[in-house]
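The sequence and the structure are shown first.

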Amino acid sequence: MTKMLKTLKNWALLVSMLTGILSYFIYVNIHALDGTHAFVGQTIAIVQPLLLFIMLFVSFCKVAPHELRPRRWMLKLLAVQVLSFSGMGLLVILLPDVPGRIVIEATMVCMICPTATSASVITAKLHGSPSTVVSYTCLINLAASIVIPSVVSFIHEGANDMGFLTSFTLIIGKVFPLLILPLLSAWFVRYLMPRFHRKILSYPDLAFNLWTVALSLAIAITTKAVVHSNESPLTLVLIALASLVTCLVQFAVGRIVGRRQKESIAGTQALGQKNTIFAIWMGYTFLNPVTATAGGFYSVWHNIINSWQLWRERQQH
């Protein structure tokens with residue numbers, strides 16, 4: 001039993017992913033529960049952000065304000081995301097009937113998507129610098145809030161009808177509760193409730209354990225998005241391949257850029273690990289809804305890579 005529990009803990013991310021996939025299929029095939037679908041959907045919509053908020057709050061309690069400072073090398077990561085997104089957006093604007101447009105838009109979603117809110121948790125487990133990842137997460141969310149409305153307003157009529165200010169406000173409204181608010185709350189506790197702050201720090205794996213639960217919910221939502229997609233299997237396969245390529249490229253580029261500054265772990269996670277819930281929302285809100293599946297596929301790829309990273313870290317220590 002002890003050996004089994006240790007194995008489950010070591011492969012927690014993969015177990016969470018499989019749990020999310022199986023839970024979805026088991027649940028939808030129990031027809032006696034058909035009447036609960038709306039209630040369960042509403043419950044998940046409340047529970048998932050709450051879990052992410054608590055996870056980030058616990059994680060940010062480990063980060064002191066003076067540790068959050070932008071580094072010059074982060075501009076290279078920002079350039080990779082912003083320029084690739086803008087370049088592909090320009091291609092779609094100039095050639096609206098370009099072959100494979102949906103796949104291009106899906107790739108755009110994967111490239112501009114901000115760093116995952118859980119990236120600092122994984123970075124800490126890999127013995128990297130969580131504060132560096134949090135710094136970059138703030139930067140890329142600000143950049144995405146400006147760049148996404150600027151580009152997509154020329155691509156889709158729906159986004160154009162919103163206008164820049166409305167789109168910007170929507171994105172900020174999505175970012176603030178799950179990034180800035182947990183950060184401010186953690187600093188409030190650090191300085192005004194030091195005893196409670198020390199208590200939180202006494203549970204080093206709490207943030208990671210919360211993430212495994214949130215990940216199961218995220219994968220279940222991803223599974224639902226893929227299953228209910230009306231696109232052809234070929235299109236979904238191409239989107240899955242595009243998300244895999246962008247995932248591998250961004251993990252590799254982040255590692256190369258970070259390694260030059262002795263921040264290989266932070267650079268890798270900052271660029272490669274994505275807020276896929278944001279990607280799914282972005283696809284539905286601003287682009288062709290089918291592109292939302294790219295965020296779901298990316299979630300699978302980057303969590304597989306994270307599981308491999310954690311396995312390798314255990315082998316080295």
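## Basis of the description

Helices are DSSP runs of H or I with at least four residues, and strands are DSSP runs of E with at least two; both are numbered from the N terminus. The model is predicted, so local features need pLDDT of at least 70 and side-chain atom pairs count only at pLDDT 80 or more, whereas totals for chains, interfaces and linings use all residues. Residues are numbered from 1 along each chain as its sequence is written, and side-chain values use heavy atoms, with hydrogens and water left out.

Serine 307 lies in helix α16, which spans residues 292-316. With a relative accessibility of 3%, serine 307 counts as buried; the term denotes under 20% relative accessible area, while exposed denotes over 50% and partly exposed the range in between (1.4 Å probe, protein chains only). When neighbours within four places in sequence are set aside, serine 307 is in contact (heavy atoms within 4.5 Å) with Trp11, Leu13 and Leu14. Its C-alpha atom is separated by 25 Å from that of valine 80, a residue 227 places away along the chain.

Threonine 268 belongs to helix α14, residues 264-272. Threonine 268 is also buried, at a relative accessible area of 7%. Apart from neighbours within four places in sequence, the contacts of threonine 268 are Phe251, Gly254, Arg255, Gln273 and Gln309.

## Packing of helix α3

Two packed helices are described by the angle between their axes and the distance between the axes. Here the axes are lines fitted to C-alpha atoms, for helices over the stretch in contact, and the angles run from 0 to 180 degrees between N-to-C directions. Helix α3 (residues 37-60) and helix α10 (residues 180-192) have axes that come within 8 Å and cross at roughly 45°. The pair is therefore oblique; angles under 35 degrees count as roughly parallel, over 145 as roughly antiparallel, 65 to 115 as roughly perpendicular, and the rest as oblique. The crossing of α3 and α10 is right-handed, meaning that the near helix is turned clockwise from the far one by less than a right angle, a left-handed crossing being the anticlockwise case. On the α3 side the contact is formed by Phe53, Leu56, Phe57 and Phe60, and on the α10 side by Leu181, Pro182, Leu183, Ser185, Ala186 and Val189. By class, these residues comprise nine nonpolar, one polar and no charged, where Ala, Val, Leu, Ile, Met, Phe, Trp, Tyr, Cys and Pro count as nonpolar, Asp, Glu, Lys and Arg as charged, and the others, Gly among them, as polar.

The axes of α3 and helix α12 (residues 206-227) come within 9 Å and cross at roughly 150°. This angle makes α3 roughly antiparallel to α12, and the crossing is left-handed. Among the residues in this contact are Ile44, Val47, Leu51 and Met55 of α3, together with Leu210, Trp211, Leu217 and Ile221 of α12. The contact of α3 with α12 contains 16 nonpolar, two polar and no charged residues.

## Packing of helix α4 against α13

Helix α4 (residues 74-94) and α13 have axes that come within 10 Å and cross at roughly 160°. Consequently, α4 is roughly antiparallel to α13; the crossing is right-handed. Lys76, Leu77, Val80 and Gln81 of α4 meet Gln250, Val253, Gly254 and Val257 of α13. This contact includes four nonpolar, three polar and one charged residues.

## Cysteines

A disulfide is a covalent bond between the sulfur atoms of two cysteines. The criterion applied is a pair of cysteine sulfur atoms within 2.5 Å, and the structure holds zero disulfides. The closest cysteine sulfur to that of cysteine 61 belongs to cysteine 138 and is 15 Å away, too far for a bond. For cysteine 138, the nearest cysteine sulfur is that of cysteine 113, at 15 Å. Cysteine 61 is buried at a relative accessible area of 1%, whereas cysteine 138, at 25%, is partly exposed.

## Positive phi in two loops

Most residues other than glycine have a negative phi. Histidine 127 has a positive phi of about 65° although it is not a glycine. Histidine 127 is located in the loop between α6 (119-125) and α7 (130-152) and is exposed, with a relative accessible area of 56%.

Lysine 262, likewise not a glycine, has a positive phi of about 60°. The loop between α13 (233-259) and α14 contains lysine 262, which is exposed at a relative accessible area of 80%.
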